[in-house]
Amino acid sequence: MSKELAPSRTPQSLVEVLESKPIKSRFDALLGKRSAAFVSSILSVARGNQELQSADPHSIVAAAAIAASLDLPIVPSLGQAAIVPYSGKAQFQIMARGFVQLALRSGQYRTMNATPVYEGEVGSYNRLTGDISFNPESRKSDKVIGYAFYFKLMNGYEKCTYMTVEEVRAHGQRYSRSFGNPKGKWQTDFESMALKTVVKRGLSKWGPMSTDPLLQKAVEYDQAAVDESGRPAYIDAVAEPASSPAPKATEAAAKAREKIAPKEKPKDQPAENPAQPAPEPAPAKEEPAYEPGADPLDDEPAGQAEPS
């Protein structure tokens with residue numbers, strides 16, 4: 001390796017990493033004139049968190065770069081994105097307001113809102129349709145029993161996602177290894193993590209993710225450190241299983257179709273008389289040409305399908 005390419009020494013501190021020419025050029029390319037203020041916020045966030053101060057500075061910069069690529073501030077008071085320490089490294093974490101910001105920028109959402117739900121406010125909740133009967137005037141106490149997220153697209157499609165406090169807590173315990181950490185956000189700010197959880201679930205499950213690369217990236221890198229190849233490494237989060245049709249559900253769908261169009265039972269045939277010659281088969285009828293939509297079971301109206 002030539003002397004021009006070989007670095008004289010490896011930067012050790014966060015300040016040294018941020019002042020290196022490649023890193024400065026990277027943030028300048030991402031944020032332009034706002035890069036200096038963003039770099040200053042990285043240092044401010046790190047200095048305000050004792051665990052981040054001892055974390056790998058390269059992981060801090062990598063996590064901050066993900067936030068910068070999404071154009072989300074990492075200042076904690078804004079509640080859009082955060083740099084969170086875990087096991088000696090820093091990971092990027094998007095918060096509820098960050099998801100909302102990215103969704104609104106896409107131009108596909110007419111409105112959305114996330115809110116805690118108090119005791120007495122929910123009259124009924126249909127788990128099949130996702131419809132929730134919500135009446136704030138029937139509130140009985142200040143006890144939070146769940147969290148709800150609602151959105152409506154520009155094309156009129158709307159969806160509500162509701163999770164009880166118990167469901168949110170079970171989700172955190174299952175998918176975050178740092179859930180029990182007394183200094184972690186699940187313990188210090190449960191409500192913000194609960195709102196983030198229900199918003200993320202609602203958008204990633206029912207929102208138009210395939211046409212929104214920024215939301216895709218936010219979901220992919222959420223709660224992840226960035227490895228040397230630039231890919232997410234889930235050091236804290238446990239990967240959630242991808243949704244796929246269950247075998248039993250597939251079998252049930254097949255049975256339902258059979259009920260709609262039952263197979264014809266073979267009629268009882270008289271015993272064949274070998275003495276009589278077999279009748280000549282009737283001439284085959286020409287099958288009509290297939291036309292789209294001619295399937296009697298294909299009676300679903302055309303329109304936007306709900307994402308799985």
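Modeller: A residue counts as buried under 20% relative accessible area, and as exposed over 50%. Keep in mind that this is a predicted model.

Colleague: Is Asp222 buried or exposed?

Modeller: The cut-off for buried is under 20%. Asp222 has a relative accessible area of 3%. Asp222 is therefore buried.

Colleague: Which residues are linked with Asp222 in a network of salt bridges?

Modeller: Asp222 pairs with Lys196 at 3.1 Å, N to O. Asp222 lies in the loop between helix H10 and strand S8 and Lys196 in helix H9, so this pair ties together parts 26 residues apart in sequence. Lys200 also bridges to Asp222, with the closest N and O atoms 2.9 Å apart. The network thus joins Asp222 to Lys196 and Lys200.

Colleague: Are H7 and H9 roughly parallel or roughly perpendicular?

Modeller: Their axes lie 10 Å apart, at an angle of about 90°. Angles of 65 to 115 degrees fall in one class. That makes H7 and H9 roughly perpendicular.

Colleague: How many nonpolar residues does the contact of H2 with H5 have?

Modeller: The axes of H2 and H5 come within 9 Å and cross at roughly 20°. Ile23, Phe27 and Leu30 are among the H2 residues there, and Val61 and Ala64 among those of H5. By class, one residue is polar, one is charged, and the nonpolar count is eight.

Terms used. Residues are numbered from 1 along each chain as its sequence is written. This is a predicted model: local features need pLDDT of at least 70, side-chain atom pairs count only at pLDDT 80 or more; totals for chains, interfaces and linings use all residues. Side-chain values use heavy atoms; hydrogens and water are left out. Axes are lines fitted to C-alpha atoms, for helices over the stretch in contact, and angles run from 0 to 180 degrees between N-to-C directions. Helices (H or I, at least four residues) and strands (E, at least two) are DSSP runs, numbered from the N terminus. Angles under 35 degrees count as roughly parallel, over 145 as roughly antiparallel, 65 to 115 as roughly perpendicular and the rest as oblique. Contact means heavy atoms within 4.5 Å. Ala, Val, Leu, Ile, Met, Phe, Trp, Tyr, Cys and Pro count as nonpolar, Asp, Glu, Lys and Arg as charged, and the others, Gly among them, as polar. A salt bridge is a side-chain nitrogen of Lys or Arg within 4 Å of a carboxyl oxygen of Asp or Glu. Buried means under 20% relative accessible area, exposed over 50%, partly exposed in between (1.4 Å probe, protein chains only).
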